[in-house]
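I opened this model to look up a few things and note them down. The entries follow in the order I took them.

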Amino acid sequence: MADQETQKIHQAVLLKEIYVEFNPEACTHKMEAETNEISVVFDERCGSNWRSKAEYRYGTFGAKIKCPTGDTTGLNFNFRVASPMHYRPIHSIGFNFLGNNKRSIRTNAYVTATDNSREQVHELGFDCSEGFHNYEIKWSKDLIEWLIDGKVIRRYAREENPNKFPRKVMSLRGMVWNASRVQAGKWAGYYTGNDVPYVYTMKDVRVPLLTEVPDSSDDSEEEWMVYKLLED
């Protein structure tokens, strides 16, 4: 039964609706029946960030992603799921592309925005700005997996640290921002802006089919899931 439930929550469909939270002029998107594409631009207007209109508890989130070309030092391009910003503490699971190294990526999972103790660095084996690659987050009650081009690059089990395992309702998010001040430039480097505009593109963006939470305004810490029941 557990295996059947896990298979159900990891069924995914194309994302159909987003909300641009900051600087909508720098975020273009098209949502069609068989594909979608979201582009976020960083230039003199700064960057932008978007989120799915729906929120979810557990499931598979993914996209084909291409990072900007040129000198992107200082910038952070991320693809993540996160709980509502106004309900602290924030829970999040994600991928971080840092502009000072296009051949590596960072994964993280936290239950407070100031805790980076579970951040890990992974070598990509390619330049993330030279083409599209498939990135996925698979989140369930007891396990998180990060995948690139179908290969699991990291697993994080709830049993490793139950109190620091993300469990709140989350939306899918994408963002570009100037991270020069993080760790005094040691994280992403210092922004130069030599090659603006920088275009960060995500396409075939996917979200869970069965785990959408209708109303998370009173998001409790209970261990429950929302399913659309399937007829056997």
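**Cysteines**

I looked up cysteine 128 and found it buried, at 3% relative accessibility. Buried means under 20% relative accessible area, exposed over 50%, and partly exposed in between, with a 1.4 Å probe and protein chains only. The model is predicted, so local features need pLDDT of at least 70 and side-chain atom pairs count only at pLDDT 80 or more, while totals for chains, interfaces and linings use all residues. Residues are numbered from 1 along each chain as its sequence is written, and side-chain values use heavy atoms, with hydrogens and water left out.

Which cysteine sulfur is closest to that of cysteine 128? I found the one in cysteine 67, 3.7 Å away, which is too far for a bond. A disulfide is a pair of cysteine sulfur atoms within 2.5 Å. My search of the whole structure gave 0 disulfides. I also checked cysteine 27, which is buried with a relative accessible area of 6%.

**Cavity**

Rolling a probe the size of a water molecule over the atoms shows where empty space is left. I searched the whole structure and found 1 cavity of 30 Å³ or more. A cavity here is a set of points, on a 1 Å grid over the protein atoms alone, where a 1.4 Å probe fits but cannot get out; lining residues have an atom within 4 Å of a point. The largest cavity holds about 40 Å³ of space; a volume is the space filled by probe spheres set on the points, which are joined across faces, edges and corners. Its lining includes Cys67 and Cys128, along with Phe77, Leu98 and Lys102. By class, I noted 5 nonpolar, 3 polar and 1 charged residues in the lining. Ala, Val, Leu, Ile, Met, Phe, Trp, Tyr, Cys and Pro count as nonpolar, Asp, Glu, Lys and Arg as charged, and the others, Gly among them, as polar.

**Strands**

Helices (H or I, at least four residues) and strands (E, at least two) are DSSP runs, numbered from the N terminus. Two strands pair if DSSP finds at least two bridges between them.

I traced an open sheet of 7 strands in the order β2-β5-β15-β8-β9-β10-β11, with antiparallel pairing. β2 (18–22) and β11 (120–123) stand at the edges with a single partner strand each, so one side of each has no neighbour in the sheet. Within this sheet, β9 (residues 92–98) runs antiparallel to β10 (residues 104–110), and 5 bridges join them. Isoleucine 93 has alanine 109 in β10 as its bridge partner.

I then turned to β7 (residues 59–66), where 6 of the 8 residues are buried. What does β7 pair with? I found 7 bridges from β7 to β12 (residues 133–139), running antiparallel, and 4 bridges to β16, also antiparallel. In β12, glutamate 136 is the bridge partner of glycine 62; in β16, threonine 201 is that of lysine 66.

Most residues other than glycine have a negative phi, and most peptide bonds are trans. I noted a cis bond, with omega near 0°, from arginine 88 to proline 89. Proline 89 is in the loop between β8 (75–82) and β9. Asparagine 23 has a positive phi of about 55°. It lies in the loop between β2 and β3 (27–31) and counts as buried at 14% relative accessibility.

How values were computed:
1 Å grid on protein atoms, 1.4 Å probe; cavity = no way out; pocket = protein on both sides within 12 Å on 5 of 7 lines; lining within 4 Å.
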